[in-house]
Structure formats: structure tokens, C-alpha cells
Amino acid sequence: MNNVAFSFIIRVFLCEAFLGSRVHEALEKLYKELILTKLNTLDDLVQYYKDQWDKSWHKDIAINKKEYTKEHYHDTGIKAITDYYKRHFPFNQSTTLATEQLITFRIDDYTIRGYIDRLSHRGKGIYEIHDYKTSGYLPTQEKQDSDRQLALYQIGVKKQFRDAEDIRLIWHYLRFDKDFESARTDAQLRYLKKKVVSLIKTIEKDTVFKPMESALCAWCVFPEYCPAKKHEYKIQELPSNKYLKERGVSLVNKYASIKAKIKELKEQEEEFLKELELIADAASKYAQKEGVSNITGSDFILKVIEENVLGFPRSGEEGREELEKFIKKAGIWEEVSGLNTARLSKMIEDKELDNKIKNGLLKFAEEVEGVRVRLVKKRGEEE
Ligand code: SF4
């Protein structure tokens, strides 16, 4: 990381992280002092939170979500502490062993290190690893059951306490006054160790670190340096008269406009193809009625040919759904204009498709008696 990026980290803090730190401090005080038999009142704790908030607040704390103010975050912390306090009072569910406990242990050649928000025990080999969360979303139980962080702490706790037989992983989602609990078996921990070692090895081998875009980008403090976001970051500062002229913006806009035109033309083509099918059908009936095989126009002749053609399941017929799935998977959905079966037959006949796709398609087709038309110029050249 270069120096500019490093100074950026020091300078910018997000209000969400600031709120999380203040709430963690308040709960740390609560349980740390409980070890020394001092029970803070709710008022004490909220006052402590407010003091810490005022003492630590500085001008570089950023609020990314413009619809919220500093006060919204401040009051969210008070509510989180109050809800937690009222629900857990008098805090005798378990005995706190440590708060903000550094846990260090080795897996193969690697040292793993982390901080447990609160470690407690209930006797009879039952230990609890507590984690406080102040994020604005609730995870699913499934996600917590596969969470890596607390499961790794479990490995450390097991090494530290020989009597630890039943270790419970507990997350307190404080904004929602909701807890999640999970546990890991020995087999799951063995699997986790393998996965972690393999992940570390993969990271060690990496020399290129590509951006991994996700919902978290909204909180990222590096958009200015990130290949995925730096253009957006650059152009948002441009005045409106320069914005559209910026080379990147103009290239994207041009590309999008041509793509839109192609889409429009394809839709038109689809309409025309349907119309052609209707005309071919009418021409075939006309040929039958008049007893002719060639119908002559001004410059062209339409040859009406009776032959076996490939028939595909029509909309609503059995096999249609599977056929659509196959075509989409084969990446030719747009080429067959959605699913134009006449176009499909022609592509097979004209050998436009590779053999694997062709053979896959033929599984959905059956030969049926049909009529096909071919347009030729009057001098005999096919159109
Ligand atoms: S903006 Fe870039 S660096 Fe930041 S989280 Fe997103 S992908 Fe990662």
C-alpha cells in the first residue's frame, strides 16, 4: 500500500465503525467491572457511552448515508446499550472470564490471532464466545452456522481451556436486540483448519489483487485508488459541462446506445421473421390450391418445397421448457431471436452450429412432414 493510501486510512473513519467502537467500549466496561463485582447502572453506562462519544468524535468521521445525521448514529448506540442492558440484567447468565481477550494459536505453520469481545463460562465445561455487532443488517442462521471468525476462536479456546467440551458461539446483533447462537463439531473444526490453511496458501501465492465488488463498497474508504471505483470517483467531481465530454463517460454512453439499437433491431427482426412465417404459410396454401410449386413475383420466384423438416416443441408443448434452458445455456438464445424454431432449423441445416450444440438440439427435434419456401432471383440465383 502506498503512503497516500495509508494516510487516507488514518484520516477517514466511518460513522458505523465509530458507533461500533463506542458500544463495544460500554459493554466492555460493564463486564470488566462486573468481574470486580461492580454493577454499573444503565444510566452510568449510557453516560459513559456519551462521554466516550464526545471525547472521541472528530471532524474526519464520515457519514456515507446522507439521509442520516450524527445524532441518528449516536442515539442508535444508546438504544442498543439500553435494549441489551434491560434484556440481560442482572448479567448472571454466565461468568465473564475476559473482555477484549487476545487469542493466539497456531494452525500448521501459521499463527492465528484475534480478539474475543467477551469470553464466559457456565461451568461443566461450557464456554461462550460472545461477539457484539452493531451492523445495520441481520444475517441468517445459516450464515452464522458457517461463520469462520468465531469458529476459529473456538479452536483457540479449546487449546487454552482443557475442560472446554461445549463451546457456544453467540452473536449479539445490538441494533435489533437479537442474538444468534451456533456451535461447531470437532469434524467441522478439522475441516475449517484445512480450509484456512489452503486459503492462506492461496493468498500467499497471489501477486495480483483484483477488486472484489460487493455491497460493502458503499463503505469503502479506497474508491479513489480502487480500479473498480476510481473512474466513478473521478467523474463525480466533474462539472456538468465537462461530465459528458469525459472520454470514459462518452465511450460508455456510445457503447450503451449502440447496444440499445442492436436490441431494437433484434426485436424488429423477430417481428419480421414472424411475418415471413405467416407469408410462407399463405404461399404454401396458395401453391397447393393452384397446383404450382413455384410462385413468380416481379423479380423473384418463391419455390414451395414439400419435405421433411425438423420440428421443435412449440410454446406450451412438452419439452419446450427444457429446450429453452438448453438454448440459453448454449449461448445462442439471441441468435435464434428468443426461440424462433424456423431459424433454429435453418441454423442446423446450414451447419452454423458446432456439433455439440447441434446434437444437443437434435434431441428435442423430430422430423415432420412440412413445407419450406425458398426465394430465388428470376435468373436462378438464390436469395
Ligand atoms: S471499492 Fe474497491 S477496494 Fe473498496 S471494497 Fe469495493 S472493490 Fe474493494
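**Close-up views of a predicted model**

View 1. Arginine 106 stands opposite threonine 111, a residue of β4. The two strands run antiparallel, and eleven bridges join β3 to β4, the latter spanning residues 110-123. Helix α2 (residues 15-35) packs on the sheet, where it touches β3, β4 and β5 (126-133), and the direction of the helix makes about 110° with that of β3.

**View 2. The five-stranded sheet β3-β4-β5-β6-β7.** In this open sheet the pairing of the strands is mixed. Its edges are formed by β3 (95-107) and β7 (178-182), each of which pairs on one side only. From one strand to the next, the twist averages 35°.

**View 3. The three-stranded sheet β8-β9-β10.** This sheet is likewise open, and its pairing is antiparallel. Because β8 (294-296) and β10 (366-377) stand at the edges with a single partner strand each, one side of each is left without a neighbour in the sheet. Neighbouring strands are turned against each other by 25° on average, direction ignored. Three bridges join β8 to β9 (residues 300-311), and asparagine 294 has lysine 303 in β9 as its bridge partner.

**View 4. Surroundings of the ligand.** The residues around the ligand are Pro211, Met212, Glu213, Leu216, Cys217, Cys220, Phe222, Pro223, Cys226, Ala228 and Lys229. Sorted by class, this shell comprises nine nonpolar and two charged residues, with no polar residue.

**View 5. Placement of the assigned domains.** The domain assignment gives domain 1 as 1-90, domain 2 as 93-206 and domain 3 as 279-377. Taken over C-alpha atoms, the centres of domain 2 and domain 3 are separated by 61 Å.

Key: Residues numbered from 1 in each chain as written. Predicted model: local features only at pLDDT ≥ 70, side-chain atom pairs only at ≥ 80, totals over all residues. Near = placed C-beta within 6 Å. Nonpolar A, V, L, I, M, F, W, Y, C, P; charged D, E, K, R; others polar. Domains from an automatic or database assignment. Pairing = 2+ DSSP bridges. Helix = DSSP H or I, 4+ residues; strand = E, 2+ residues; numbered from the N terminus. Axes fitted to C-alpha atoms, helices over the stretch in contact; angles between N-to-C directions. Contact = placed C-beta atoms within 7 Å.
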